Amino acid sequence: MRVRFILCALGIVVPALARAQVTPAKARQDSIARADSIARADSIALVKQLEKELGAQAADTSGNAAAQGPRAAGGYMNIGFVALTDAGWSTEADVGAIQVGDHDPHVNGFSIPNVELTLDGAVDPYFKGFSNIVYKLDKDGGTGVELEEAYVLTTSLPANLQLKAGQFFTEFGRQNPQHPHAWAFVDEPLVLNRMFGPDGLRSQGLRLSWLFPTSFYAEALLTVANATGGTTSSFRSPDSPEIHGGVINERPVEHLSDLLLAPRLTTSFDLTETQTIVLGASAAFGPNNSGPSAKTQVYGIDGYWKWKPAAAQAGFPFLSMQGEAMLRRYDAAQRISAADPTVTLPSETLRDRGAYAQLLWGIKPRIVAGLRGEFASGDAAAFDSELRRDRTRFSPNFTWYPTEFSKFRVQYNFDDRKEIGTDHSLWFQFEFLLGAHAAHKF
């Protein structure tokens, strides 16, 4: 009964104190601060009393608890729901020809490119679990569902080691591991589409990381994963003929070299008291399906810089820059043309490259302006591929966050597809968040 009384007190007293604080008048700021301190003190006292009561109850039932076995210390589970809605118009009637990302706007008019249900929590004292289930509507309004991520993380390995196991985004560069609601722009950079396909690089496997014992942040990571499936575009994906132009060569997994290996090094340090920089280098090695022993190599470097004054309020103002550059070497074997079985394509090395750079200016609390420039290009080959055409794009945007749970964004794209022409697009995006959502990396 006493526990119920304390819970009722928490439900009545704390909101009442919080409502008493709300006033727009600057002259009452001191009284607000005092009220806030009183509310906090009362809340802490009530919580401590509740913990004491619960602790007493736990002691009374310790025999039953012991019989049930060990429980996760501080166990919890968070549930989150994030939804993106896009709307806009492009001079290109076939919007999918220029918005090739799986979570980009799909059509002129309205799109639902990403609705994400997230679960995360403590499994036991040794593991945390994470899951992301994505719903989306295609250009015809059909609903698609995918298990984007489902993995566990260790929490108690020695020597600064951590293991991730399951289905997850490969930690290559800065943006590939990010979910669409964390992007600074409406659409995915062209170079990521070029190297990793419309849905990014992710697969099933293991990732081992080691945090260097240094005074600044430095980490080494190695992912070992399957090289097959629709989200391994540069490797043994069923969509690979759009890269190499040939008939798929089916090849089983017989050796470690038949898997995808992705090492990464990253570090971060403070340049000054108000400036921080993050640098990284990544690679991905694995088989492709143009021939029985064909390989692909992808290399990337990335950087992030942020300035925020010491007197910043709620993180504003700020200025940040982010960029990535990538290079792909795709060794295509001699193969039968997928378009014409009477034609044999020669063995050749397909080279592609691309980069993007983006600038964000946090003008004032919850208002951010951005500008992104990018390109992707590929060397000539024995066949033509829409995926390897040269292309550039410039994108200014403006984002307003009414609160941390909602977002409005407007973005203009100027696309230049070499030998095809230029296009103009204007996109609007709205996002809302329900429940909890895990924090994102700096």
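Residues were classed as nonpolar (Ala, Val, Leu, Ile, Met, Phe, Trp, Tyr, Cys and Pro), charged (Asp, Glu, Lys and Arg) or polar (the others, Gly among them). The model is predicted, so local features need pLDDT of at least 70 and side-chain atom pairs count only at pLDDT 80 or more, whereas totals for chains, interfaces and linings use all residues. Numbering starts from 1 along each chain as its sequence is written, and side-chain values use heavy atoms, with hydrogens and water left out.

One cavity of 30 Å³ or more is present in the structure. A cavity is a set of points, on a 1 Å grid over the protein atoms alone, where a 1.4 Å probe fits but cannot get out; lining residues have an atom within 4 Å of a point. Grid points are joined across faces, edges and corners, and a volume is the space filled by probe spheres set on the points. The volume of the largest cavity is about 80 Å³. Its lining comprises four nonpolar, five polar and three charged residues, including His103, Glu148, Phe169, Trp183 and Asp199.

Strands are DSSP runs (E, at least two residues) numbered from the N terminus, and two strands pair if DSSP finds at least two bridges between them. Eleven bridges connect β3 (residues 127-137) and β4 (residues 143-154) in the antiparallel sense, with Tyr135 opposite Val145 in β4. Five residues lie between these strands in the hairpin, where Gly141 has a positive phi near 90°. Strand β4 is also antiparallel to β5 (residues 161-169), through four bridges; here Tyr151 faces Gly166 in β5. The hairpin of β4 and β5 has six residues between the strands, and Ala159 adopts a positive phi near 60°.

How values were computed
1 Å grid on protein atoms, 1.4 Å probe; cavity = no way out; pocket = protein on both sides within 12 Å on 5 of 7 lines; lining within 4 Å.
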